Amino acid sequence: MSMPLSHAGLRVPRMWVALIVAAFVLMVALSGCDTGSAPPPTPTSVPQAPTVEPSNTPVPVIPTDTPLPPPTNTPVPVATNTPDPNLVAERIKSNYVPVLCYHHIRDFRKSDTGDDKAYIVPPSTFEDTLKYLKSKGYTGVVSQQVYDYYAYSKPLPPKPIMLSFDDNDGTQYTNALPLLKKYGFNATFFIMTVTIDKENYMTTEQLKGLDKQGYDLQPHTWDHHMVTKYKTDDDWQTQIVEPKKSLEEMLGHPTPFFAYPYGIYSSEAADKIKSYGYKGAFRLNENMDPDNGPKTNPLFAIRRYIANPFYTDEQFDQVLLGTW
């Protein structure tokens with residue numbers, strides 16, 4: 001027989017304890033069914049949502065018709081394609097990029113006059129020049145690179161030099177090109193378009209080949225008339241607009257740079273050339289602007305030196321520094 005529970009000295013049979021517990025449970029159950037009782041109180045704290053591990057799957061951005069404004073504390077740069085002429089002039093003055101101008105690359109002939117020889121560089125002399133430039137660490141650049149540096153301060157390779165060739169002379173292809181390749185120099189060719197496919201000048205296929213090899217081709221008028229002598233709109237169309245158009249159709253890309261015949265220009269001519277879609281123009285070292293140059297946009301008066309075959313080493317070094 002089980003022993004009765006005891007509390008405070010009282011002995012209570014187990015049967016009585018069971019009856020008391022059952023009665024209490026019944027009372028609690030009946031009170032929960034009371035429809036007039038108040039709802040249980042709202043918990044004072046919300047359980048924290050479980051932490052979701054980041055997914056590697058990108059979340060698609062749903063387009064909206066209302067653009068989101070940029071952060072107010074982040075400045076938005078204003079895009080501009082117009083270089084500041086004052087900054088350009090300062091870059092040209094402080095860090096000139098040497099530009100050489102060649103015409104004929106061939107040996108002298110008995111019929112050549114003294115004036116002729118100033119524009120003729122024998123292949124051996126041209127090779128000596130390239131060899132010298134290579135030994136000094138110079139790198140060949142082209143018109144777009146020179147423009148980008150002067151206009152926007154875009155970096156150039158160490159010790160840049162632009163080798164340019166005028167008029168589309170055939171000796172530039174037969175004699176200069178192999179030497180440019182031998183010493184690893186790029187170059188710009190300013191093309192007088194009336195000469196294309198003519199005897200002693202480069203052909204369409206040769207020019208296309210130069211372009212495909214990465215050389216730079218740009219317009220140099222139709223037949224070498226000075227820009228200060230144009231009288232009518234037809235003159236501008238013939239000498240400035242059509243050469244650019246024909247080269248671009250031949251090559252399949254823009255040709256926005258120009259070289260003045262004889263190096264002669266004016267601020268009015270420079271503005272006119274710019275209005276026809278050119279971005280820059282090259283003159284010769286001598287200031288051939290009748291207004292002496294102060295009004296001309298400096299990007300339309302970039303200096304070049306005639307590659308005179310009679311330079312001494314000292315004179316040539318001065319040319320490379322832009323101080324000759």
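Trainee: How much of the protein is buried?

Mentor: Buried residues account for 39% of the 324 residues in the protein, and please keep in mind that this is a predicted model.

Trainee: And what does the secondary structure come to?

Mentor: The protein has ten helices and ten strands, and among its contacts with a separation of 6 or more, 65% are between residues 24 or more positions apart.

Trainee: Let's look at strand S5, then. How many of its residues are buried?

Mentor: Seven of the seven residues in S5, which spans residues 160-166, are buried. Pro160, Met162, Ser164 and Asp166 lie on one side, with Ile161, Leu163 and Phe165 on the other, and both of these faces are covered.

Trainee: Why do the residues split into two sets like that?

Mentor: In a regular strand the side chains alternate between the two faces of the sheet, so every second residue falls on a given face.

Trainee: Which strands does S5 pair with, starting with S3?

Mentor: S3 and S5 run parallel and are joined by four bridges, with leucine 100 having leucine 163 as its bridge partner in S5. Strand S4, residues 139-141, also runs parallel to S5 and is joined to it by three bridges, one of them pairing valine 141 with methionine 162. Strand S6, residues 188-191, is likewise parallel to S5 with three bridges, and there serine 164 is partnered by threonine 188.

Trainee: Which helices sit between those strands in the β-α-β units?

Mentor: Helix H5, residues 143-152, belongs with S4 and S5 in a right-handed β-α-β unit, while H6 takes part with S5 and S6 in a right-handed unit as well.

Trainee: Switching topic, how many salt bridges are there?

Mentor: The count comes to four salt bridges. One of them joins the side chains of glutamate 127 and lysine 182, at 2.8 Å from N to O, and this pair links distant parts of the chain, since glutamate 127 is in helix H4 (residues 123-135) and lysine 182 is in helix H6 (residues 171-183), 55 residues apart.

Trainee: Last one, where is histidine 104 and what does it touch?

Mentor: Histidine 104 is in the loop between strand S3 (99-102) and helix H3 (114-117), and it is partly exposed, with a relative accessible area of 28%. Leaving aside neighbours within four places in sequence, histidine 104 is in contact with Tyr119, Ile120, Val121, Asp169 and Thr171. The C-alpha atoms of histidine 104 and tyrosine 119 are separated by 6.4 Å, although the two residues are 15 residues apart along the chain.

Notes:
Residues numbered from 1 in each chain as written. Predicted model: local features only at pLDDT ≥ 70, side-chain atom pairs only at ≥ 80, totals over all residues. Heavy atoms only, no water. Helix = DSSP H or I, 4+ residues; strand = E, 2+ residues; numbered from the N terminus. Buried < 20%, exposed > 50% of the residue type's maximum accessible area, 1.4 Å probe, protein only. Contact = heavy atoms within 4.5 Å. Pairing = 2+ DSSP bridges. Right-handed = clockwise from strand over helix to strand, strands pointing away.
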